[in-house]
Amino acid sequence: MTFAETRTGRLLLRALTEADRQTVIRIQAEARGVAEAQFDSWLEDWAHFGFGYVAAIERATGELVGVGGVRLREWNGEKILNLYYRFVPTARGRGCATEMSRAVIDWADRTVPHYPVQISVDVRNVASLKVAGRLGFDTYLDVPLGGPVIRHFRRS
């Protein structure tokens, strides 16, 4: 069930590699220690499962402009595929997250259909909420998380 390199209209989606580390950490914009640990766990997913979050490369420039895809997680006692997307500011608002997500969801539907795909978004993140809507996901559950509400989406 390995994710193979995939081309969309504007993007090349491929496995993350160690060479992507610094760019992905900048995209994540998290505290460095957090982003380093995240990246390590994402590489472990690829080694263990043969899939995970992908590098989104803009085909026209060859630049790594985003990271995302699906990652096998346990959530509320259920195994799910967590759909994630984050892009550099210059790629935002151009439909790249939707384009990448559609390709990855299509792969998941064909390859691991027994796991539901779920998107979890801070309700203050309007752009990510719009992506979830464009992908045809509906609100599944709202969970207050010590302040912000996290909205979880699934397809009907």
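The structure is a predicted model, in which local features need pLDDT of at least 70 and side-chain atom pairs count only at pLDDT 80 or more, while totals for chains, interfaces and linings use all residues. Residues are numbered from 1 along each chain as its sequence is written, and side-chain values use heavy atoms, with hydrogens and water left out. The protein has four helices and eight strands; helices (H or I, at least four residues) and strands (E, at least two) are DSSP runs, numbered from the N terminus.

**Overall fold and dimensions**

- In sequence order, the elements of the protein follow the pattern β-β-α-α-β-β-β-α-β-α-β-β.
- The radius of gyration of the protein is 15 Å, close to the 15 Å that the globule rule gives for 156 residues, so the protein is as compact as a globular protein of that length. The radius is taken over C-alpha atoms, and the rule is 2.2 Å times the number of residues to the power 0.38.
- The C-alpha trace spans about 40 × 30 × 30 Å along its principal axes.

**Burial, contacts and surface**

- Of the 156 residues, 47% count as buried (buried means under 20% relative accessible area, exposed over 50%, partly exposed in between, with a 1.4 Å probe and protein chains only).
- Contacts (heavy atoms within 4.5 Å) between residues at least 6 apart in sequence join residues at least 24 apart in 57% of cases.
- Carbon and sulfur atoms hold 52% of the accessible surface, which comes to about 7900 Å²; such areas come from the Shrake-Rupley method with a 1.4 Å probe, and for residues only the protein chains shown count as cover.

**Helix 4 and its surroundings**

- Helix 4 (residues 126-134) has the buried residues Ser 128, Leu 129, Val 131 and Ala 132. Viewed down the helix axis, these buried residues fall within an arc of 155°, so they line one face of helix 4; the arc is that of the directions from the helix axis to the C-beta atoms.
- The exposed residues Ala 127 and Lys 130 are on the face of helix 4 turned away from its buried side.
- The cover over the buried residues of helix 4 includes strand 5 (78-87), helix 3 (96-111), strand 6 (117-122), strand 7 (137-144) and strand 8 (149-155).

**Gln 38**

- Gln 38 lies in helix 2 (residues 32-49) and counts as partly exposed at 22% relative accessibility.
- Gln 38 and Leu 135 are 97 residues apart along the chain, and 25 Å separates their C-alpha atoms.
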